[in-house]
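Have a look at the model first.

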Amino acid sequence: TEGTGSVSPEAAQIKQWRAEPWTFAHQVLCVDELDDWQDETMHALVESQLMRFALKASKGPGKSALLAMIMWWFMVTRPMPKIVATSITADNLSDNLWTELAKWQQRSRFLKATFEWTADRVAARQHRETWWMSARPWAKSASQEVLGQTLAGIHADHVLFVLDESGGIPSAVMSAA
């Protein structure tokens with residue numbers, strides 16, 4: 001099935017999605033049912049003023065899927081957001097999280113019509129320079145100074161940093177976030 005019957009939702013609909021990321025997941029991403037822990041995480045997102053959270057490491061429960069859902073939710077429900085994602089390796093970022101973003105976009109007429117996906121960036125078709133998500137890998141051989149610049153310089157009213165597999169990310173990258 002393709003998500004959201006309308007290619008251009010009304011402001012009231014976007015306001016509801018911002019307050020209810022689980023409704024966004026159902027209506028836009030065509031998620032039939034969230035796992036209990038995914039639902040709990042989405043509820044925690046709207047209850048937290050700082051929106052900082054970490055997920056316990058495990059294999060196979062759907063962490064990348066949840067991260068992609070959250071990234072799309074943030075992208076749609078904030079004006080002119082900047083979302084930056086990084087991971088333990090460039091391959092992990094492109095092969096897992098970025099591929100997951102593409103998968104969810106393909107399920108939604110609205111996301112396909114509104115956003116352009118590339119191998120390292122997703123941007124609003126109408127606001128490419130100011131409304132985007134970016135994949136930012138870091139070089140393992142980089143100095144601490146260069147590592148610290150991986151996530152530096154991001155300024156906007158609505159910023160989201162996604163640190164996938166954060167246990168293997170250098171502290172200089174983490175500090176910048």
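Searching the whole structure turns up 2 salt bridges, where a salt bridge is a side-chain nitrogen of Lys or Arg within 4 Å of a carboxyl oxygen of Asp or Glu. This is a predicted model, so local features need pLDDT of at least 70 and side-chain atom pairs count only at pLDDT 80 or more, while totals for chains, interfaces and linings use all residues. Residues are numbered from 1 along each chain as its sequence is written, and side-chain values use heavy atoms, with hydrogens and water left out.

**Salt bridges**

- As background, side chains of opposite charge can pair when their charged atoms come close.
- Lys103 pairs with Glu100, N to O at 2.9 Å.
- Both of those residues sit in helix 5 (residues 90-106), 3 residues apart, or about one turn of the helix. Helices here are DSSP runs of H or I with at least four residues, strands are runs of E with at least two, and both are numbered from the N terminus.
- Lys103 is partly exposed at 40% relative accessible area, whereas Glu100 is buried at 14%. The cut-offs are under 20% for buried, over 50% for exposed and in between for partly exposed, using a 1.4 Å probe and protein chains only.
- The other bridge joins Arg128 and Glu116, with their closest N and O atoms 2.6 Å apart.
- That pair links distant parts of the chain, 12 residues apart: Arg128 is in the loop between strand 3 (121-124) and strand 4 (132-135), and Glu116 is in strand 2 (residues 115-117).
- Arg128 is partly exposed at 39% relative accessibility, and Glu116 is also partly exposed, at 26%.

**Nonpolar core**

- The largest nonpolar core has 39 residues, and Leu29, Met69 and Trp72 are among those with the most contacts inside it. Such a core is a set of buried Ala, Val, Leu, Ile, Met, Phe, Trp, Tyr and Cys residues joined through side-chain atoms within 4.5 Å.
- Helix 4 (residues 63-77) gives the most to this core, with 12 residues.
- Leaving out residues up to four places away in sequence, Met69 touches several others, including Phe24, Leu29, Met42 and Trp104. A contact means heavy atoms within 4.5 Å.

**Overall build**

- The protein chain has 8 helices and 5 strands, running α-α-α-α-β-α-α-β-β-β-α-β-α from the N terminus.
- Of its 177 residues, 42% are buried.
- Among contacts between residues at least 6 apart in sequence, 65% join residues at least 24 apart.
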